[in-house]
Amino acid sequence: MHKAITVPRAVSLVVALLLAGAGAVAKGAGPAVPVVTGAVTEQSRDRSTEFVARVRAIEAVDVRAQVEGVIAEVAFTGGEQVEEGDLLFSLDPRRYEAALAAAEAGLARARASRDNARQNHERMRTLARRGTVSRASLDEAEAALRVAEAEVQTAEAQVRAARLDLADTHLPSPITGQISAPALTRGNLAGPGSGALARVVRTDPVYVAFDLPEGQVVSLRQRYGPLDDLDPASVSMRLRLPNNSLYPGHGTLAVVGNEINPGTGLLGFLARFDNPDGLLVPGQYVTLLIGAARAESAPLVPQSAVLRDREGEYVFVIDDQGVARQRRIVTGERHDRGWFVRDGLSAGERVVVQGTQRLADGVPVTESEAGPAGNAAPEQP
């Protein structure tokens, strides 16, 4: 015969069963919490230091006339690339051809006078040995010879000067580079007082000039060592162009200033960049980026995903079943898009960036993707 269950005991059993069922619903069968998630990305830990800089030509020459003359020819149109030695301007040479001819005639006359003085000196010296002429006559012959030789040297110098003047009627390009438009055209009178007739600028390679405050100079030296001997294999120098695109080439530090300006507290630097496509134009402002050439990467978590309590930092990671899991992490240095993670997360994992107030470990969620830079996508009206 079975023993009957007492009423108090039956009530206790029913209550226990109801509480267990309610607990099961709270743990796994509750409604999913809507959250915004973002991905953990892999990011370089060595961030570049940015400096405002300006492109400067390594070589730039103003082409000027050394002699006066009417421009007979302009051998360029402007804007094109010219090579060193290419003809740019020709001046009317006729005045200088005549001057050269006169100088050469003067040289011939001086040489004839010298030859005559030399023969006279030889004759006087022979007669002086025989005692036919006095010593004074010999001295006069020697002086006349020295004067004639000096006149020859003067005439030779005049010929050289006339040849230089004639050569200066042709104005070649002194360097290889890009040339400006001509300041004067054919038929105009040019001379030393006319100013620059054109300007040739070497555009490949170029310098990028920038100034650093003395505090940053000290920081860079502490980080990279002597700045005048930077190893290109360890230090990267890049440029951001005015349209915010990244210049494809890398640069090297070429010149380090030797003293800090006492008025501004700045030290000047010149970086050298190859410029085969002409993207860098002298006078152009750019942003110089200096960083490590081989930077280590680390997981980067959005800033809003990192929570803190008495035990430290943690995030909510979404697992493959769509459930939020609390995970302890160790963060490193700050980044403008979040925190570097030293331990606890891997790139590619999804973390909750908004909606953590209603979360606990093991709660199911419904996800929406975060916008750019970890921001939530805007809600639809």
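How many of the seven residues of strand β1 (residues 33-39) are buried? The close-ups below start there, in what is a predicted model.

**View A. Strand β1 and its surroundings.** Five of the seven residues of β1 are buried, so this strand is largely enclosed by the rest of the structure. Strand β23 (residues 365-369) pairs with β1 in the parallel sense over five bridges, and here you can find V35 opposite E367. Strand β22 (residues 350-354) pairs with β1 too, in the antiparallel sense over four bridges; look for G38 with its bridge partner V351.

**View B. Helix α2, residues 94-130.** With 37 residues at 1.5 Å each, α2 should span 54 Å, and the 55 Å between its end C-alpha atoms agrees with that. Among its buried residues are Y96, L100, A103 and L107. Helix α3 (135-167) is included in what covers the buried residues of α2. After α2 comes G131, which has a positive phi near 85°.

**View C. The aromatic pair F76 and F89.** The ring centres of F76 and F89 are 5.3 Å apart and the planes stand at 90°, so the pair is edge-to-face. F76 sits in the loop between β5 (69-74) and β6 (81-82) and F89 in strand β7 (residues 87-91), so the pair ties together parts 13 residues apart in sequence. Both F76 and F89 are buried.

**View D. The aromatic pair Y247 and F273.** Here the edge-to-face rings lie 6.3 Å centre to centre, with 75° between the planes. Y247 and F273 are both buried.

Conventions: Residues are numbered from 1 along each chain as its sequence is written. This is a predicted model: local features need pLDDT of at least 70, side-chain atom pairs count only at pLDDT 80 or more; totals for chains, interfaces and linings use all residues. Side-chain values use heavy atoms; hydrogens and water are left out. Buried means under 20% relative accessible area, exposed over 50%, partly exposed in between (1.4 Å probe, protein chains only). Helices (H or I, at least four residues) and strands (E, at least two) are DSSP runs, numbered from the N terminus. Two strands pair if DSSP finds at least two bridges between them. The expected span of a helix is 1.5 Å times one less than its number of residues. Contact means heavy atoms within 4.5 Å. Rings of Phe, Tyr and Trp (its six-membered ring) pair if their centres lie within 6.5 Å; planes under 30 degrees apart count as stacked, over 60 as edge-to-face and the rest as tilted.
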